[in-house]
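Trainee: I would like to work through this model with you. Please put it up, and I will ask as we go.

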Amino acid sequence: MRIKSFLREILAVFSIAALSCVGVANAETKVGFVYVGPIGDHGWTYRHNVGRLAVEKALGTQIKTTFVESVKEGPDSERVIRQLASTGHKVIYTTSFGFMNPTLKVAKKFPNVRFEHATGYKQSKNVGTYSARFYEGRYIAGVIAGKVSKTNKIGYVASFPIPEVVRGINAFLLGARSVNPEMTISVVWVNSWYDPGKEGDAAKALIDQGADIISQHTDSPAPLQVAENRGVKGFGQASDMIKFAPKAQLSAIVNNWDNYYVERTKAAIDGSWKSQDVWYGLKEGMVKMAPYTNMSDDVQALAKKTEEAIRSGALHPFSGPIKDQTGKIVVEAGKVADAGMLLGMNFYVEGVQGSLPK
Amino acid sequence: MDLLPVALTIITASTPLLLAATGELVTEKAGVLNLGVEGMMLIGAIAAFAAAVSTGSGLIAILVGAFSGVAVAAIFAVLTLTCLANQVATGLALTIFGVGLSALVGSNFVGISLEPLPQLNIGGLSTIPILGDLLFGHDVLVYLSFIMILLVGYFLSKTRSGLILRAVGESHDSAHALGYSVLTVRYLAVLFGGFMSGLAGSYLSLVYTPLWAENMTAGRGWIALALVVFGTWRAGRIAFGAYLFGAITILQLHVQGWGINIASQFMTMLPYLATVIVLVFISSDKMKIRINAPQSIGKVFYPPR
């Protein structure tokens with residue numbers, strides 16, 4: 001008996017030593033990614049994953065990436081983030097607005113782990129935020145829509161009434177009205193980032209109500225497929241969806257996270273990482289437009305001109321005068337909406353049908 | 001506003017529900033409670049999509065989808081009818097299995113686009129104004145859903161084999177005593193249920209949104225299950241329930257599009273709420289329900305030695 005228990009102790013000591021050796025031998029940095037949808041959504045999450053693959057390509061053996069997909073916003077996300085933090089990940093990217101509070105909560109318990117939260121607005125010492133100025137792309141899309149639409153009605157398939165989505169709707173309409181003051185937008189809220197069936201149904205309903213341009217802030221190609229089927233035009237979301245709608249897609253707003261992810265992961269490895277709040281757009285290459293298709297040459301030229309103007313800073317999508325739905329002037333002529341108004345946008349501009357859900 | 005396109009959209013939205021509910025009706029009438037509808041639909045969806053992408057033939061894709069539903073139902077049948085496992089637990093396990101397996105197989109098919117199934121305009125019938133489009137301007141699976149629910153209704157109430165199936169569902173011991181093979185009837189019923197669920201799934205991935213997305217049924221299998229109970233196991237009521245649910249789902253989107261100011265979360269809830277309200281009305285007549293519910297549903301049949 002004594003020898004048996006002695007041998008058991010020796011075995012325990014050796015296994016602990018062996019395991020800790022395994023831990024020490026891996027000098028590579030672990031990088032975690034938390035996705036709200038499946039990589040296969042061919043939209044939002046897909047582009048984040050493309051970014052992750054770019055990091056792997058650029059930094060090779062220095063890092064090892066982990067990703068968890070289809071993580072619902074809410075308590076489940078906190079569990080996933082905590083698990084990544086407690087298994088040695090040094091940098092964690094949480095890629096959806098709804099991960100904001102869980103990220104901050106976990107960050108407090110793990111001060112040595114660096115967190116980057118996409119599209120959020122709260123930072124802390126080890127939580128940085130990053131977002132892309134998608135509204136720049138929306139404005140360009142609106143300009144195209146204003147020229148292409150015959151019924152002057154735009155159908156918008158939206159997800160949740162958060163400022164980012166409202167900003168997109170407003171920017172789209174402002175762009176459309178800059179070339180055609182008669183344009184209107186109807187919005188349907190599907191209350192989900194990703195539900196192809198429902199998104200398709202919403203698009204069908206909007207087209208049946210007279211919209212001949214479909215835009216979306218949801219993550220699947222379903223609305224565009226419906227647009228293709230019904231012979232109207234639309235815009236892809238977060239990635240180029242031309243192969244789902246070869247005759248319908250006018251352009252798409254493509255998210256490009258590659259450079260940002262490589263840059264930030266490098267900073268985390270060499271120790272220069274600091275919490276920041278970054279909001280990049282066309283100029284920095286975080287937002288790209290998919291090739292302009294299915295439109296006449298002069299519309300294409302106008303779109304390119306608008307893109308250049310925004311890129312160079314000559315044109316700001318939210319430059320005054322801007323009126324809200326009640327007719328009140330919220331941005332005066334000659335002025336530009338400030339970051340505060342953009343980030344907390346909770347009103348519709350004139351021309352959007354219906355009122356904003358609380 | 002043009003009502004016809006809306007009506008067409010409602011019909012297409014209700015079709016997967018109707019197809020799956022028809023199959024589940026037969027299964028439950030035979031006394032087997034198969035909760036795995038969602039899983040079977042998803043496997044049917046990915047199988048049909050994979051077949052369509054690989055072969056380019058709509059017919060093969062539909063058949064592959066339907067028969068994969070049969071294959072999954074066969075697993076359930078063996079486990080519950082031969083191995084005498086608990087039906088509820090096995091059905092739930094089947095759903096989870098279906099969700100996972102379809103996601104695994106489907107990961108190779110993400111991002112692929114497909115031409116939707118062509119509409120079959122039957123001869124000159126579809127040129128009849130309004131009714132023509134409504135009844136005759138659809139694709140083949142929608143027609144199948146019309147035909148199948150009518151056939152199943154007729155089968156269950158007017159034919160001898162339907163009577164035997166119902167007898168097995170009401171009291172499997174009596175049916176066994178009378179000499180009917182309870183196991184054969186139940187196997188066939190379960191496999192038919194799998195066939196229809198597979199068809200429903202194929203409809204989703206081939207016609208409704210011709211792409212593959214993880215979990216693309218989004219709970220429709222559960223709705224189909226609820227519809228069978230909602231319709232008190234009668235074919236006509238199930239069809240009504242399916243179209244009611246589809247109609248409210250589509251109309252709530254239209255209401256939002258018109259700019260009418262009702263909370264969108266409430267609108268999302270509306271189809272389910274309507275189903276519950278109608279169920280309350282139906283339940284007020286307890287006799288009607290008791291007559292229709294198969295008494296042996298969910299009970300394991302222990303063949304007496």
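Trainee: Which residues have the most contacts inside the largest nonpolar core?
Mentor: The core has 181 residues; a nonpolar core is a set of buried Ala, Val, Leu, Ile, Met, Phe, Trp, Tyr and Cys residues joined through C-beta atoms within 7 Å, and buried means 20 or more other C-beta atoms within 10 Å of a residue's own (exposed: 12 or fewer; partly exposed: in between), with C-beta atoms placed from the backbone. The model is predicted, so local features need pLDDT of at least 70 and side-chain atom pairs count only at pLDDT 80 or more, while totals for chains, interfaces and linings use all residues. Residues are numbered from 1 along each chain as its sequence is written; chains are lettered from A, and ligands numbered from 1, in the order in which they are written. The residues with the most contacts are Ile169(A), Val188(A), Ile214(A), Ala21(B), Ala48(B) and Leu199(B).

Trainee: Which helix gives the most to this core?
Mentor: Helices here are DSSP runs of H or I with at least four residues, strands are runs of E with at least two, and both are numbered from the N terminus. With 15 residues in the core, the top contributor is residues 182-208 of chain B, helix α9.

Trainee: From which domains of chain A does this core draw at least three residues each?
Mentor: Domain bounds come from an automatic or database domain assignment. The core takes at least three residues from each of domain 1 (7-133 + 257-280) and domain 2 (135-254 + 289-343).

Trainee: How far apart do the C-alpha centres of domain 1 and domain 2 of chain A lie?
Mentor: The two domains touch: 13 residues of domain 1 are in contact with 14 of domain 2, contact being C-beta atoms, placed from the backbone, within 7 Å. Their C-alpha centres are separated by 32 Å.

Trainee: In what order do the six strands of the open sheet in chain A run?
Mentor: Two strands pair if DSSP finds at least two bridges between them. Pairing in this sheet is mixed. The order is β7-β6-β8-β9-β10-β12.

Trainee: Which residue in β8(A) is the bridge partner of Ile154(A)?
Mentor: Strands β6 (153-158) and β8 (213-216) of chain A run parallel, joined by four bridges. Ile154(A) bridges to Ile213(A).

Trainee: What angle does α7(A) make with β6(A)?
Mentor: Helix α7(A), residues 196-208, packs on the sheet and touches β6, β7 and β8 of chain A. Axes are lines fitted to C-alpha atoms, for helices over the stretch in contact, and angles run from 0 to 180 degrees between N-to-C directions. Here the angle is about 160°.

Trainee: Which element gives the most to the side of chain A that touches chain B?
Mentor: The interface joins 31 residues of chain A to 33 of chain B. Elements giving two or more residues on chain A's side are β7, α7 and α8 (222-230). With nine residues, the top contributor is α7(A).

Trainee: Why is α8(A) largely enclosed by the rest of the structure?
Mentor: Its cover includes β6, α7, β8, β9 and β10 of chain A. Among its buried residues are Pro223(A), Leu224(A) and Ala227(A). α8(A) is largely enclosed because its buried residues number seven of nine.
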